[in-house]
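Here is a briefing for a first look at this structure. Please keep the sequence and the 3D view open while reading.

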Amino acid sequence: MIEQKIEALDDAQFEALQNKVVDLYITLAEESLIETDEDSYNRLRALYEQDGFKNIGLMFKSVSESDEISASMMEFKDSLAVAQVFLMTDDLDEEYSKHVADIVFSIDDSTNETSVAWFPED
């Protein structure tokens with residue numbers, strides 16, 4: 001269902017969605033991660049500073065049972081999407097990308113509440 005909503009967006013709307021998610025990712029990484037998960041913060045920082053992962057790639061999917069969602073967010077389940085955030089090197093080679101976060105958010109701003117899982121493949 002979310003995939004259909006995303007596919008129905010025109011180019012400007014899709015770009016706005018991407019910008020929204022990138023802004024959300026940056027805010028979560030810079031403002032809350034160091035306070036809630038210092039190890040993940042240090043890993044993320046090392047990817048940027050030492051390993052040259054400077055580009056952000058996004059993939060969108062519907063929420064699944066394995067995604068971390070608060071009970072209060074479940075009320076808005078039909079409008080929730082997961083943005084999978086990847087860091088990529090300058091050559092943008094997906095093979096060498098790092099999956100750094102899954103952000104659950106409302107695609108239509110039904111709620112401002114978000115949920116994030118850092119390094120979800122670990």
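Helices (H or I, at least four residues) and strands (E, at least two) are DSSP runs, numbered from the N terminus. This is a predicted model, in which local features need pLDDT of at least 70 and side-chain atom pairs count only at pLDDT 80 or more, while totals for chains, interfaces and linings use all residues. Residues are numbered from 1 along each chain as its sequence is written, and side-chain values use heavy atoms, with hydrogens and water left out.

**Nonpolar cores**

- A nonpolar core is a set of buried Ala, Val, Leu, Ile, Met, Phe, Trp, Tyr and Cys residues joined through side-chain atoms within 4.5 Å.
- Buried means under 20% relative accessible area, exposed over 50%, and partly exposed in between (1.4 Å probe, protein chains only).
- The largest nonpolar core has 24 residues, and Y25, L44, V100, F105 and W118 touch the most other members.
- At least two residues of this core come from each of α1 (2-7), α2 (11-36), α3 (38-49), β2 (80-88) and β3 (98-106).
- Helix α2 gives the largest share, seven residues.
- Contact means heavy atoms within 4.5 Å.
- Apart from neighbours within four places in sequence, Y25 is in contact with L44, Y48, I56, V85, L87, V100, I103 and W118.
- A second, separate core has five residues, among them V63, L80, V82 and V104.

**The largest pocket**

- On a 1 Å grid over the protein atoms alone, a cavity is a set of points where a 1.4 Å probe fits but cannot get out, and a pocket is an open set with protein on both sides within 12 Å along at least five of seven lines; lining residues have an atom within 4 Å of a point.
- Grid points are joined across faces, edges and corners, and a volume is the space filled by probe spheres set on the points.
- The largest pocket has a volume of about 170 Å³.
- Its lining consists of Y25, I26, A29, E30, Y41, L44, R45 and Y48.
- Helices α2 and α3 each supply at least two of the lining residues.
- The lining has six nonpolar, no polar and two charged residues. Here Ala, Val, Leu, Ile, Met, Phe, Trp, Tyr, Cys and Pro count as nonpolar, Asp, Glu, Lys and Arg as charged, and the others, Gly among them, as polar.

- S106 is in strand β3. S106 counts as buried because its relative accessibility is 2%.
- A polar contact is a pair of N or O atoms within 3.5 Å; within protein, one must be able to donate a hydrogen and the other to accept it, and residues adjacent in sequence count only if both atoms are side-chain atoms.
- The S106 side chain reaches the backbone nitrogen of D109 at 3.1 Å. A polar atom of that side chain also lies 2.8 Å from the backbone nitrogen of S110.
- Beyond four places in sequence, S106 is in contact with K20, S79, L80 and T111.
- D109 sits in the loop between β3 and β4 (115-118). Its phi is positive, about 60 degrees, although D109 is not a glycine.
- Most residues other than glycine have a negative phi.

**β4 and the segment after it**

- S115 is in strand β4. S115 is buried, with a relative accessible area of 13%.
- Neighbours within four places in sequence aside, S115 is in contact with E68, I69, M73, D102, I103 and V104.
- F119 is in the segment after β4. F119 has a positive phi near 50 degrees.
- At 8% relative accessibility, F119 counts as buried.
- Beyond four places in sequence, F119 is in contact with S40, R43, L44, L47, H99, V100 and A101.
- F119 and S79 are 40 residues apart in sequence and 24 Å apart in space, C-alpha to C-alpha.

- F86 is in strand β2. F86 counts as buried at 13% relative accessibility.
- F86 and S97 are eleven residues apart in sequence and 6.1 Å apart in space, C-alpha to C-alpha.
- Beyond four places in sequence, F86 is in contact with N55, I56, G57, M59, S97, K98 and H99.
- S66 is in the loop between β1 (55-62) and α4 (71-74). S66 counts as exposed, at 65% relative accessibility.
- The side chains of S66 and S64 make a polar contact (3.0 Å).
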